[in-house]
Amino acid sequence: MKAHEGDVLRFTGRTVGSPEHHATVVQVLGEDGEAPYRVRYEDGHETEIFPGPGCVIETHPEHAAPYAQPHRERR
């Protein structure tokens, strides 16, 4: 898992009915985008984490890979 500052980590609930929560990466502490990350949760709380398997990275548009040219249909 690799992240950049500004990316959002989305944590799914571990049990049925548990709400999903989000945290924004404010600092990458590992090498080459690897964990640990310093994150800020919705309530303003900050902490260092190593994301587990229930975490998905939502890449900030600034860091997203450029898309290939759209396929054009020949006529």
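**View 1. Overview of the predicted protein.** Residues are numbered from 1 along each chain as its sequence is written. The model is predicted, so local features need pLDDT of at least 70 and side-chain atom pairs count only at pLDDT 80 or more, while totals for chains, interfaces and linings use all residues; side-chain values use heavy atoms, with hydrogens and water left out. The protein contains zero helices and five strands, in the order β-β-β-β-β from the N terminus on. Helices (H or I, at least four residues) and strands (E, at least two) are DSSP runs, numbered from the N terminus. Of the 75 residues, 20% count as buried; buried means under 20% relative accessible area, exposed over 50%, and partly exposed in between (1.4 Å probe, protein chains only). The protein exposes about 6000 Å², and carbon and sulfur atoms supply 49% of that area (Shrake-Rupley method, 1.4 Å probe; for residues, only the protein chains shown count as cover). Among contacts (heavy atoms within 4.5 Å) between residues at least 6 apart in sequence, 38% join residues at least 24 apart.

View 2. The pLDDT is the predictor's confidence in each residue, from 0 to 100. Its mean over the protein is 83, and 83% of the residues reach 70 or more.

**View 3. The loop between β2 (21-28) and β3 (37-41).** Aspartate 32 has a positive phi of about 55° although it is not a glycine. Aspartate 32 counts as exposed because its relative accessibility is 61%. Proline 36 is found in this loop as well, and the peptide bond from alanine 35 to proline 36 is cis, with omega near 10°.

**View 4. Arginine 40 in strand β3.** At 37% relative accessibility, arginine 40 counts as partly exposed. Its C-alpha atom is separated by 5.2 Å from that of threonine 24, 16 residues apart along the chain. Not counting residues up to four places away in sequence, arginine 40 touches Ala23, Thr24, Val26, His45 and Glu46.

**View 5. Glycine 6, in the segment before β1 (8-11).** Glycine 6 counts as partly exposed, at 26% relative accessibility. From C-alpha to C-alpha, glycine 6 and valine 25 are 5.4 Å apart in space and 19 residues apart in sequence. The residues that glycine 6 touches, leaving out those up to four places away in sequence, are Thr24, Val25 and His60.

**View 6. Glutamate 62, in the segment after β5 (55-58).** Glutamate 62 is exposed, with a relative accessible area of 64%. Glutamate 62 and aspartate 7 are 55 residues apart in sequence, with 9.3 Å between their C-alpha atoms.

**View 7. The largest pocket, with a volume of about 190 Å³.** Its lining consists of Phe11, Thr12, Gly13, Arg14, Pro19, His21, Gly52, Pro53, Gly54 and Cys55. On a 1 Å grid over the protein atoms alone, a pocket is an open set of points where a 1.4 Å probe fits, with protein on both sides within 12 Å along at least five of seven lines, and lining residues have an atom within 4 Å of a point. The lining divides into four nonpolar, five polar and one charged residue.

Conventions: Grid points are joined across faces, edges and corners, and a volume is the space filled by probe spheres set on the points. Ala, Val, Leu, Ile, Met, Phe, Trp, Tyr, Cys and Pro count as nonpolar, Asp, Glu, Lys and Arg as charged, and the others, Gly among them, as polar.
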